Structure formats: C-alpha cells, structure tokens
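Visitor: Could you take me through one part of this protein closely? I would like to look at the sheet.

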Amino acid sequence: MKNLVVLTGAGMSAESGISTFRDAGGLWDQYPVEQVATPEGYAANPELVIDFYNERRKQLLAVKPNRGHELVAEMEKFFHVTVITQNIDNLHERAGSSHIIHLHGELTKVTSSWQPNNPAYIKELKPEGYEVQMGDLAGDGSQLRPFIVWFGESVPMIETAIDYAETADIFLIIGTSLNVYPAAGLLNYVPAHVPVYLIDPKQVPIVSGRKVHVIQKGASEGMEELKKIIVG
C-alpha cells in the first residue's frame, strides 16, 4: 500500500463548528494571542489561560467529526495514512483515523507547567473532567497546564512529521493557510516526484514553486472529489 500523508489545519474542523483562530470573527479577534497562547501570557495570568482552554474543551462536546474527517479515516482502506494535524481537537480520532501526529498539542490533555513535554506528566482528561481548576497539580507538583504548543515554544513532533513527509507517495493538504511554521515547511520535505493535492475553499499561496493540484472546495466536498481521483 502507498503512503498517504495528510496535513490538516483549522479549515478541516471549521465545518464541524470549531472556531478558527485566524479568520475574521475567529478566536484571535476575541482573545489576543499574547494572552492565551504564549508562555508569557500563561505566566502573567494562568487562570485566564486555563479558563480559555476549559471553554475550548466544552466546545468539543458540542461538535462532531464532519464528512471530511470521516473520508480521511476511510482512506485507510486504500493507503497507509498518516495525519499530521495543526489542530488541537480530537475530531480525527473520533472519525476513526488511527495514526495522527498532533503538531500543536492536544486539547484533551494537560501536563506539567514545569516540564510540559515530559511524558510522565501528560494526562488525558475524560469528558466529565474537562474543566481544570487552579490548584490542580501535575505529578511534579506544578499547576496542570494545557498540553498545547504555544507561540514561542518548540514543536517536539516536527521531526517525526518531517520523516513521514519524506516517505509520502501522495501528500494532501486540507484547510490550512500554510502561514504557520514549521508546519508550513513540511511541503519542502515531500519528494519532488510526489503528487501534492490542496483542498481549501480559499486561494492558498504556494511559495515552494512546486506543482500543486488544487481542489477549491471545503473539506467534505473536497475529500469526496479527491477520493474519486486517487481511489476511483
């Protein structure tokens, strides 16, 4: 079976009702990035940040995977599929995808404020426990913080993602502006002969200079069309 590597961004989950950060009316319009998505913002007001991600987790309970998520999962019948996602939601998991690399962390997990990438302190929350309180501690005695890669922090999974991009037989990009690095740079590691498909209802500038097959549709419609192309 060939290797299908899928890079997904906020547009993948937008049809499910997950608020995007960058679009007009998105979360950045409501919350300055400096306040809720940087180590400095967390240090200045941890309670605000913890409450912000509590609200994001509650949103997960009200949404479900869309047809695009489901079709990505169905591709496992035909390919070895690796999903590399910039999204922190769990919709790919819930749709049935089995191999997912979360570049920017996972909303349903919390970790140590002192050692955020130490596996010993990363904890999966159950839906009934999605609300983290000030005073909830990790195993090392620090405040539990969201298991999210904030701006200014390193992206531990990027090397793993690069390894998979280099082995792709087909590379698919869904719903990302290709503005956020290092994720946007993954396209540079895809072998030159490998076909690249981009699904997005908006025009996305491709700065790599390589040929990209564009399907200018939303995630669900675009995946339906892609399936006909690569599966038949």
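What is the order of the six strands in the open sheet, and is the pairing parallel or antiparallel?

Guide: First, a word on the model. It is predicted: local features need pLDDT of at least 70, side-chain atom pairs count only at pLDDT 80 or more, and totals for chains, interfaces and linings use all residues. Residues are numbered from 1 along each chain as its sequence is written, and side-chain values use heavy atoms, leaving out hydrogens and water.

Now the sheet. Its six strands run in the order 3-2-1-7-8-9, with parallel pairing. Strands are DSSP runs of E, at least two residues; helices are runs of H or I, at least four; both are numbered from the N terminus. Two strands pair if DSSP finds at least two bridges between them. Strand 3 (100-102) and strand 9 (213-215) are the edges, each pairing on one side only.

Look at strand 1 (residues 3-8). Five bridges join it to strand 7 (residues 170-174), and the two run parallel. Here V5 stands opposite F171.

Helix 8 (residues 158-166) lies across strand 1, strand 2 (80-85), strand 3 and strand 7.

F171 also belongs to the largest nonpolar core, which has 25 residues. Such a core is a set of buried Ala, Val, Leu, Ile, Met, Phe, Trp, Tyr and Cys residues joined through side-chain atoms within 4.5 Å. Buried means under 20% relative accessible area (1.4 Å probe, protein chains only). Helix 8 gives the largest share of this core, four residues. I84 is among the residues with the most contacts inside the core. Its contacts (heavy atoms within 4.5 Å) include V5, I101 and A161.

Note on methods:
Axes are lines fitted to C-alpha atoms, for helices over the stretch in contact, and angles run from 0 to 180 degrees between N-to-C directions. Buried means under 20% relative accessible area, exposed over 50%, partly exposed in between (1.4 Å probe, protein chains only). Lists of a residue's contacts leave out its neighbours within four places in sequence.
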